[in-house]
Every structure is written in C-alpha cells, then in structure tokens.
Amino acid sequence: MDQNKLKRHHIMRSLILAGITALLAYLILSETLSHYLAPRLHMFSYVTLVILALLTIVSIRQIFVGSSVYDCDCEEQHKVPRTPMGSLLVYGLFVLPIVMGFVMPDKILGSDVAEKRGITLLSNDVRKLADVTANANANANATENEKQNAEVKEDAEPNVETQPEATKQAASPPVQATNDEQLRQRFSNGGFGDFYTDIAVFLHKQPVIELDDKVFLDGLTTMELYAKEFAGKELETMGFVYRQPDFTKQQFVVARFSVTCCTADSSVYGVLVEKEDANKWAKDSWVKVRGKLELRQVDGYDMLVLKASHVEAVSAPKDPYVYYSFEAAPDS
C-alpha cells in the first residue's frame with residue numbers, strides 16, 4: 001500500500017484512540033462515570049484509561065515511524081480498508097459513539113425507564129424469603145414443642161436430691177437484658193439472619209429512620225421483612241417522583257434505581273407515598289419525603305405505605321443510584 005495512504009489510516013486510528021481516551025477521561029474527571037457504571041467497577045475504568053493512553057502513543061508513533069509493509073503477520077487478514085467508502089463505514093462505527101458521548105447531555109435514568117422495567121414496592125425475593133423462613137420457623141417451633149414436652153415429663157418425676165448452694169445460685173434468674181438486647185431478640189425471632197437483624201435494630205433505634213443512599217436497598221428490604229414492627233415509625237428518604245397510570249392524585253412513589261454493574265442491569269425500588277397535594281410534584285423531580293409508615297395488605301402480604309407530612313424539592317445527587325452494601329448497619 002502507498003505510504004501516504006497508510007499514514008492517513010494511522011492518523012485516523014490515532015484520532016479514534018485519542019477520542020475514546022479523552023471521553024473516558026472526561027467521564028472520570030467530571031464524576032459522571034457513575035451514571036453508567038457501578039462504583040465497584042470504576043477501578044477497571046482507570047486501568048482501561050491507562051491502556052488506551054499507551055495504545056494512543058503507540059499509534060501516534062506509527063505515524064512518524066511508518067512501515068514498508070502492513071504491521072501484521074496475519075497475511076493480509078487484517079488489512080486496512082481499501083476504498084473511501086470502506087474507510088468511512090469502518091471508522092464511522094468508532095467515531096459516532098465518541099461524538100455522541102461528547103455532544104449528548106448526561107441523563108440519569110428516570111420514570112420512562114422505570115415504567116418499562118416495573119418498580120419493586122414489595123420484592124418478590126422478599127416474599128420468597130418470608131415464605132421459606134415461615135416454613136423453617138414452623139419446623140423449628142415443632143421441634144421446640146417436642147423438647148418442652150419431654151422436659152415437662154422429666155420435671156413431673158419426683159426429685160428428692162438436695163441441690164448444692166452453688167447450683168442454686170447458678171439457677172437464679174439472669175440479669176435483665178438491656179433495651180438493645182431486647183430489641184435484637186425481637187428481630188432475631190424472625191429467623192432472617194444476623195445481617196437483617198443488625199439492620200433492623202439499627203433502623204428501629206432511630207427516632208426518625210433516615211433511609212439514605214448507603215442503607216436504602218438493604219433498609220427497604222429489612223422493613224419489608226419486618227413490616228409489622230416498623231409500622232408507625234417515622235421515615236425520611238429521598239428519590240425521584242414516579243407515578244403509574246392507576247395511581248390516585250394523592251399517590252406517588254419516591255424511587256431510586258439500583259445498579260449492580262452498569263445501567264443496563266438497573267432495577268427500580270421505592271416507597272409508596274400518600275399526601276393530599278401529591279399531584280403538585282412533577283414526574284422525575286427529586287424530593288425529600290418525611291412521614292409515618294402505615295401497614296397495608298397487598299395480595300395477602302404486609303406492605304408499608306408512607307403517609308407523608310412533609311415533602312420538599314431537592315437536587316439530584318451526583319451519584320443518583322443506590323447499591324447493596326455489606327456495611328449497611330454500622331456498629332453503634
């Protein structure tokens with residue numbers, strides 16, 4: 001191939017690599033990478049940025065160094081486009097997303113996507129977990145009743161042995177448990193495990209439950225599991241306004257998108273809010289809501305509804321999405 005033509009291909013490839021590198025650098029520096037990728041994967045983006053920068057440097061070097069033959073030992077299997085139309089088609093596939101990345105505004109997910117994917121107010125996973133736990137608790141209670149019946153029979157037999165003084169002291173009633181221990185015992189009886197017990201205790205101890213970004217998903221799940229225990233508690237949370245066609249004028253959902261890896265696998269979670277002037281809040285506007293949780297029955301399951309006493313407009317956070325966290329309930 002003519003050296004001038006080959007040089008033009010190296011220039012085009014260098015520009016494309018530089019554009020991709022610049023776009024990724026822009027997303028990182030502008031702190032908008034979270035609009036597309038979960039924070040736990042950001043480190044891979046940093047590594048990718050370094051690799052792209054090195055490839056760009058190598059490609060620019062080829063412009064000035066040049067070559068007498070095509071730089072590949074694959075016997076022309078990876079040859080450059082031979083015609084202007086071929087070049088336009090191949091390189092256009094790379095240039096278009098770069099231009100769109102710089103020109104199109106960053107937009108977070110909202111009601112339009114939520115309507116297509118559906119919103120989770122009472123998680124199916126929570127329902128399954130509740131059903132499985134109920135069966136497990138029923139079996140455990142049956143076993144415990146058998147043990148108690150056996151102990152009653154043993155206690156019915158006369159026992160004339162005199163207990164030593166030390167044994168009598170050991171058999172004395174234990175010291176009364178603290179409030180935290182009583183609260184933990186109250187939630188641990190549900191059988192959902194220490195993780196949700198810790199979160200339940202942490203949330204229930206708060207005079208006003210703050211369902212912030214860190215605890216939003218795990219806190220929402222916990223309150224669904226222990227709906228009866230959290231009924232009547234004050235709650236404050238933040239999210240965007242979402243409405244379904246069948247909602248009344250007094251209803252909307254304060255919702256958040258959950259992202260596992262990227263926005264392609266996002267899901268929507270939220271709390272149903274009821275307030276007399278709820279219809280004054282525009283769809284997709286961000287609000288902070290405070291009110292009291294009420295218990296409702298939906299399809300035979302308990303569901304919490306937030307009877308709002310105060311709603312105020314707020315700005316969307318830099319990272320509008322929420323994530324599951326293994327540190328949702330900090331040590332207190």
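User: Which residues in α7 and α8 meet each other?

Analyst: In this predicted model, the α7 side of the contact consists of L183, R184, R186, F187 and S188. Their counterparts in α8 are T197, D198, A200, V201 and H204. By class, the residues of this contact divide into four nonpolar, three polar and three charged.

User: How is the geometry of such a pair to be described, and what is the angle between α7 and α8?

Analyst: Two packed helices are described by the angle between their axes and the distance between the axes. Helix α7 spans residues 179–188. Its axis and that of α8 come within 9 Å and cross at roughly 130°. The two helices are therefore oblique to each other, and the crossing of α7 and α8 is right-handed.

User: How does α8 pack with α9, and at what angle?

Analyst: Helix α8 (residues 194–204) and helix α9 (residues 216–225) pack at about 90°, with axes 9 Å apart. That angle makes α8 roughly perpendicular to α9. From α8, the residues F195, Y196, I199, A200 and L203 take part; from α9, the partners are D218, G219, T221, T222, M223 and L225. Seven residues of this contact are nonpolar, three are polar and one is charged. A200 in α8 meets α9 here, and A200 is also listed in the contact with α7.

User: Is the pair α1 and α3 parallel or perpendicular?

Analyst: The axes of α1 and helix α3 (residues 84–103) come within 10 Å and cross at roughly 20°. That makes α1 roughly parallel to α3, because angles under 35 degrees count as such. The crossing of these two helices is left-handed.

User: Which residues form the contact of α1 with α3, and how do they divide by class?

Analyst: On α1 they are H9, M12, R13, I16, G19, I20, A22, L23 and Y26. On α3 they are S87, Y91, F94, V95, P97, I98, G101 and F102. By class, 12 are nonpolar, four are polar and one is charged. A22 of α1 and I98 are 76 residues apart in sequence, with their C-alpha atoms 9.1 Å apart in space. A22 is partly exposed, with a relative accessible area of 36%.

User: How should I read the nonpolar core, and which residues touch the most other members?

Analyst: In soluble globular proteins, nonpolar side chains tend to be buried together. Here the largest nonpolar core has 36 residues, and M223, Y226, F230, F252 and V289 touch the most other members. M223 also belongs to the contact of α9 with α8. A second, separate core has 19 residues, including M238, V253, L272 and Y321.

User: What is V289 in contact with, leaving aside its neighbours within four places in sequence?

Analyst: The contacts of V289 are L235, E236, T237, F252, V254, V273, L306, A308, H310 and V311. Among these partners, F252 is itself one of the core residues that touch the most other members.

User: Where is V215 placed, and is V215 buried or exposed?

Analyst: V215 lies in the loop between β2 (208–211) and α9. V215 is buried, with a relative accessible area of 3%. The C-alpha atoms of V215 and Y324 are 7.8 Å apart in space, although the two residues are 109 apart in sequence.

User: How many helices and strands does the chain have, and what part of the chain is buried?

Analyst: There are 10 helices and seven strands. Buried residues account for 34% of the 332 residues in the chain. Among contacts between residues at least 6 apart in sequence, 71% join residues at least 24 apart.

User: What should be noted about the phi of E31 and of D284?

Analyst: Most residues other than glycine have a negative phi. E31, which is not a glycine, has a positive phi of about 60°. E31 is in the loop between α1 (3–29) and α2 (42–65) and is partly exposed, with a relative accessible area of 47%. D284 is likewise not a glycine and has a positive phi, of about 75°. D284 is found in the loop between β5 (267–274) and β6 (286–298) and is partly exposed, with a relative accessible area of 31%.

Notes. Residues are numbered from 1 along each chain as its sequence is written. This is a predicted model: local features need pLDDT of at least 70, side-chain atom pairs count only at pLDDT 80 or more; totals for chains, interfaces and linings use all residues. Side-chain values use heavy atoms; hydrogens and water are left out. Axes are lines fitted to C-alpha atoms, for helices over the stretch in contact, and angles run from 0 to 180 degrees between N-to-C directions. Helices (H or I, at least four residues) and strands (E, at least two) are DSSP runs, numbered from the N terminus. Angles under 35 degrees count as roughly parallel, over 145 as roughly antiparallel, 65 to 115 as roughly perpendicular and the rest as oblique. Contact means heavy atoms within 4.5 Å. Ala, Val, Leu, Ile, Met, Phe, Trp, Tyr, Cys and Pro count as nonpolar, Asp, Glu, Lys and Arg as charged, and the others, Gly among them, as polar. A crossing is left-handed if the near helix is turned anticlockwise from the far one by less than a right angle, and right-handed if clockwise. A nonpolar core is a set of buried Ala, Val, Leu, Ile, Met, Phe, Trp, Tyr and Cys residues joined through side-chain atoms within 4.5 Å. Buried means under 20% relative accessible area, exposed over 50%, partly exposed in between (1.4 Å probe, protein chains only).
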